[in-house]
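Work through the exercises below with the sequence and the model side by side, and try each task before you read its solution.

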Amino acid sequence: MARFAALAALLLAVAVGGAAAQSVGSVITQSMYASMLPNRDNSLCPARGFYTYDAFIAAANTFPGFGTTGSTDDVKREVAAFFGQTSHETTGGTRGAADQFQWGYCFKEEINKATSPPYYGRGPIQLTGRSNYDLAGRAIGKDLVSNPDLVSTDAVVSFRTAMWFWMTAQGNKPSSHDVALRRWTPTAADNAAGRVPGYGVITNIINGGLECGMGRNDANVDRIGYYTRYCGMLGTATGGNLDCYTQRNFAS
């Protein structure tokens, strides 16, 4: 009877929470991580040796909703989107090359360090700007305003800042997490701006001011290419509305 009750409880948890009963590591295994990011430790990459699987899992464990929410397909789509966006942000790939979408996580900081120094882009999401360093630091319990280099020297901190950005709604922007899980409902202003549910809105959240509302562009193509590759590897559909070519950015 006790065993039956335990089994019934497990089935109920899966029915209610979908994939919430599993960890992100059950979808992004160590071998999958290595296959998705085959060049992250390439000698040509400045970030070689930095973005370890263990650091990713340790960071993910501090954000219980990341890569664990909804059905198994929801989880796969979210982590594919996360790695699609962050792979573009850290890419070492050559556009148009056969292996263009196999060079994610090659960089850990902005190459020229020119954007908002000393708060230039660092980590998987290329966290940028004093405000983001302040907010992310407060959220994860680190003083990133005084020590922004933590984002490019401590891999767990680096991943945690990316996950904080991913999980957090800011201003009129929804969280990328909610968009990936199809839990975001556009407002009237969003609809008027052409911002519709899909991967393209996540691009708009991350870098809409430079990439959205200006037609087809290489950055969007790169983000979509990575995402499409990862969805294929994980066995899930990309969904529609992958670009933000005709969307106005959230600041407009």
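The exercises that follow concern aromatic rings and their neighbours in this predicted model.

**Exercise 1.** Classify the pair formed by the rings of Phe66 and Phe82, and state which parts of the chain the pair ties together.

*Solution.* The structure holds 20 aromatic pairs, and we begin with the geometry of this one. The ring centres of Phe66 and Phe82 are 4.9 Å apart and their planes stand at 70 degrees, so the pair is edge-to-face, because planes over 60 degrees apart count as such. Next we locate the residues: Phe66 belongs to the loop between α3 (53–60) and α4 (72–89), while Phe82 sits in helix α4, so the pair ties together parts that are 16 residues apart in sequence. Both Phe66 and Phe82 are buried.

**Exercise 2.** Describe the pair of Phe101 and Tyr226, and decide whether Phe101 is buried or partly exposed.

*Solution.* With 5.4 Å from centre to centre and 75 degrees between the planes, Phe101 and Tyr226 form an edge-to-face pair. Phe101 is found in the loop between α4 and α5 (130–140) and Tyr226 in helix α11 (residues 218–234), so parts that are 125 residues apart in sequence are tied together by the pair. Phe101 has a relative accessibility of 22% and therefore counts as partly exposed, since buried means under 20%. Tyr226, at 0% relative accessibility, counts as buried.

**Exercise 3.** Which residue lies over the face of Phe50, and which over the face of Phe250?

*Solution.* Over the face of Phe50 lies Lys108, at 4.8 Å from the ring centre. Over the face of Phe250 lies Arg195, at 4.3 Å from the ring centre.

Key. Residues numbered from 1 in each chain as written. Predicted model: local features only at pLDDT ≥ 70, side-chain atom pairs only at ≥ 80, totals over all residues. Heavy atoms only, no water. Phe/Tyr/Trp six-rings, centres within 6.5 Å; stacked < 30°, edge-to-face > 60°. Helix = DSSP H or I, 4+ residues; strand = E, 2+ residues; numbered from the N terminus. Buried < 20%, exposed > 50% of the residue type's maximum accessible area, 1.4 Å probe, protein only. Lys NZ or Arg CZ within 6 Å of the ring centre and 35° of its normal.
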